[in-house]
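This report looks at how charged side chains pair up. Have the sequence and the 3D view ready.

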Amino acid sequence: MPGGRSRIVVACLTLLLSPLLHAAPAQVTVSNRRLFVNGQAFTIQGVDYSPVPTGSTLTGSGNGCAGGYQWWADRSTYIADFPLIKKLGANTIRAYGILNNTSSNSVLQVRAALDAAQAQGLRVIMNFYPDHFVSVPANQAAWKSQFLSAVSAYKDHPAVLMWEFGNEQNLDNGQDPAWYPLVNDVAGSAKALDANHPVMTVEGECPNCGTPIQYNVGSAARSADDPSMTNLDIWGVTAYRGTSFQGLFETLASSTYKPILVAEFGKDAYRDSTGQEDQAMQASYISSQWQEISARLSAADPTKPLIGGVVFEWTDEWWKDLGGLSCFTHDTQVLFTRPGDPVDPNYNDEWFGITAISPVNAISNPAGTARTLRTSYATLQGFWNPSAAASATNPSSLFDGTVRNYPNPFRVGAGNTKFVALTTMAAKVDVKIYDAGGQFVTSLTQSSTGPGRVELLWDGRNSQGALVSPGLYIVRIEGSGSGREEKQFRRVVAVK
């Protein structure tokens, strides 16, 4: 029957995809100090996600750096990261600036990323960054319009957890008397447009405001008290006070009746007193911090103030040090100091990841970035996903799942295909490529220093440097480490 097989394939794909295509948005509500998702009390176990690779920045280009990196446009990265975040036991990622561009292409990219998050059971906190100068009415109108446009673009997606208008704006715009009335107005408009998701804003610590570090939550003078913020559902705070939050949550609970999210907590992995990485130190901070958060979760006790915490952050970001230093080096400039922290009072901006990054190979793979899971990953996993943590201590295999490549098919001469291997231990990964006739084409090699992610890029050239012909290629992937060896095979299609 002509076309019969095609119709059967299309029908099967439709059935497989229909849960995603037709899934309803989550019903996310707030009642007193508790957060509910589809009627069930929900605790946020989250990761701040801004995985800027080495050689790139979030801002403009310069000093050889590629500017304006947006992770939702980098599919090969997030589809490799999301399974690791799921295995951590996280249920949420917080995405900075994901609402700021609502061009048609950006919306398609973001929705594809949301699909991938949903496939891993991850919900997404959707952030919008306002700029400066709140008191300029044209700025307020523009931000409100942009934010509501983004809400309209994604409100139907089931991966969306909540909307976030502003991150640490109290450190800048929060000193402007127009800021909090704007937040309340925008929150009201967003909820009128979308009744399924709450609205949050996030307050930041002020490193130079003395002790205790100040927030504007509950300030009637700033119009940030509950009677003034009638439309805002949730307060978020970023908090870096050492191994303890030093009574912060009790102070906040006395300042507002709204639920509170610890939108950033954690510690950098660089210890200034020794001049080197100290994974055990970072893990001890995060362990102590999460235990303090978990003792105050409203899902377990509705009188408690917290709906969860989001660890800062998923990966190191080499571009961040102040002073225009290189995005190709792991700099150690101090961002801020906490005199009340007796262990390691200096906080180094490029070292906060619970996974470390490093360039794969500056010559053959300049855009690649390896992941190595730090001790803090295993520490959090012990709280959030203890069964996976237990199995990780004695892994049964070298590769954690199937080694995949993206894109596939890929266009020879116009891009690369990226192989991503998740390893459960320090390992050497060899990728050997053969044509359909079994003739050797080329090979790629990369090693990991511990459990994590290894990337290898193939640019479609053979071992002599010539572009290969379009067609089918067979890839043998070999891993070796700790006396173990494993093999996997992939088919790769090259097109013109």
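Buried means under 20% relative accessible area, exposed means over 50%, and partly exposed lies in between (1.4 Å probe, protein chains only). This is a predicted model, in which local features need pLDDT of at least 70 and side-chain atom pairs count only at pLDDT 80 or more, while totals for chains, interfaces and linings use all residues. Residues are numbered from 1 along each chain as its sequence is written, and side-chain values use heavy atoms, with hydrogens and water left out.

Side chains of opposite charge can pair when their charged atoms come close. A salt bridge is a side-chain nitrogen of Lys or Arg within 4 Å of a carboxyl oxygen of Asp or Glu. By this rule there are 24 salt bridges. Three of them are listed here.

| Pair | Closest N to O |
|---|---|
| E164 and R94 | 2.8 Å |
| D233 and K191 | 3.1 Å |

Take E164 and R94, a salt bridge. E164 sits in strand 7 (residues 160–167) and R94 in strand 5 (residues 92–95), so the pair ties together parts 70 residues apart in sequence. Helices (H or I, at least four residues) and strands (E, at least two) are DSSP runs, numbered from the N terminus. E164 is buried at 0% relative accessible area. R94 is also buried at 0%.

Next come D233 and K191. D233 lies in the loop between strand 8 (199–203) and strand 9 (234–238), and K191 in helix 5 (residues 179–193), 42 residues apart. D233 is buried, at 15%. K191 is partly exposed, at 27%.

Finally, salt bridges with shared partners join D81, R371, K418, R453 and E455 into one network.
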